[in-house]
Amino acid sequence: MLEKRYKDKTVVKDVNLYLDKGESVGLLGPNGAGKSTTISIIASLLAPTSGDVLLHGKSVVKHPAAIRKVLGVVPQEIALYEELSAYENLKFFGRIYNLSGSGLERKIQETLEMIGLRERQKEALKTYSGGMKRRVNIAAALLHDPQLVIMDEPTVGIDPQSRNHILETVRLLNREKGMTVLYTSHYMEEVEQLCNRMYIMDHGRIIAAGTKQELQRILTSDDVMQIQLDKPGGRLAEELRQLSHVRQVKETESGLTVIFSKQSRLLTEVVQAAERLQIQVVSVHVQTPSLEDVFLHLTGRTLRD
């Protein structure tokens, strides 16, 4: 069980997770959940207050070199040199991995081909778009053929084309090359597409784990109602939260998202309450809970909050 404390504040508490070889695993959580701290501990960049990380039964805390040889990390922030070209950046990081000569040149060209930037490899990185820089960031983590890759929100703030390219690269690494992937994202659809299993973190703890289907079973007795309103629904949200058969209410830009028991007569109660509060209900849509709804139920927040 991993734990990390800073003076009187515990940011990671009783975290226990595992990754099988060749598996793609998602680590989800709202901002401040403890994901980045957990990743830093796994990558041997941060020592836990208590607990350990084991690689093939060997302690990463005591022997960090063991995991560093087989690990590639794609950080949330771009860690490249803007004045250098993509080729020069990759050559620099390749030398850090003790690659040289024809072997390094082959890996540089191979990774550039994978990220779709071989034709622009000699251009300075400062001329690249944000998405292109993120693709080079990924290439730098793959030069030494790692067995495990940690990707910390690799598609934040990029264009759709680069995002799709990154997702295809992750699929290729995992399905065709058998690379183990630990993936964090603020986009639930990415994790659903890429990951076999998921862990959900909140307030430093793992609060749920399983496949998409296993997590969705948490809300098998519930439905989700999307309510569009003509004005902010704060007062209506407060009334609905008082109902015993309402699990969760989230205010959205256009109205409310409500998780509620299937057997209840919520629609009638919504209409009556809205009429009393002089709020017009524009539309109502009831649907089966999604993984995003499960996340909302467990944390009280959406993944992008």
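Select helix H3 (residues 86-96) and helix H5 (residues 130-142), which pack at an angle of about 30° with their axes 9 Å apart. H3 is therefore roughly parallel to H5, a term used for angles under 35 degrees. Axes here are lines fitted to C-alpha atoms, for helices over the stretch in contact, and angles run from 0 to 180 degrees between N-to-C directions. Helices are DSSP runs of H or I with at least four residues, strands are runs of E with at least two, and both are numbered from the N terminus.

This is a predicted model, in which local features need pLDDT of at least 70 and side-chain atom pairs count only at pLDDT 80 or more. Residues are numbered from 1 along each chain as its sequence is written.

Next, display the side chains of Ala86, Leu90 and Phe93 in H3, which meet Val136, Ala139 and Ala140 in H5; contact means heavy atoms within 4.5 Å. By class, this contact of H3 with H5 has six nonpolar, no polar and no charged residues.

Move on to helix H10 (residues 266-276), and select Leu266, Val270, Ala273 and Ala274, its buried residues (under 20% relative accessible area, with a 1.4 Å probe and protein chains only). These residues lie on the same side of H10, because they cover an arc of only 100° around the axis; the arc is taken from the directions from the helix axis to the C-beta atoms. Around them, select strand E11 (222-229), helix H9 (234-241), strand E12 (246-251), strand E13 (255-261) and strand E14 (281-287), against which the buried residues of H10 pack.

Then turn to the other side of H10, where Glu275 and Arg276 are exposed (over 50%). Finally, select Gln278, which follows H10 and has a positive phi, near 60°.

How values were computed:
Side-chain values use heavy atoms; hydrogens and water are left out. Angles under 35 degrees count as roughly parallel, over 145 as roughly antiparallel, 65 to 115 as roughly perpendicular and the rest as oblique. Ala, Val, Leu, Ile, Met, Phe, Trp, Tyr, Cys and Pro count as nonpolar, Asp, Glu, Lys and Arg as charged, and the others, Gly among them, as polar.
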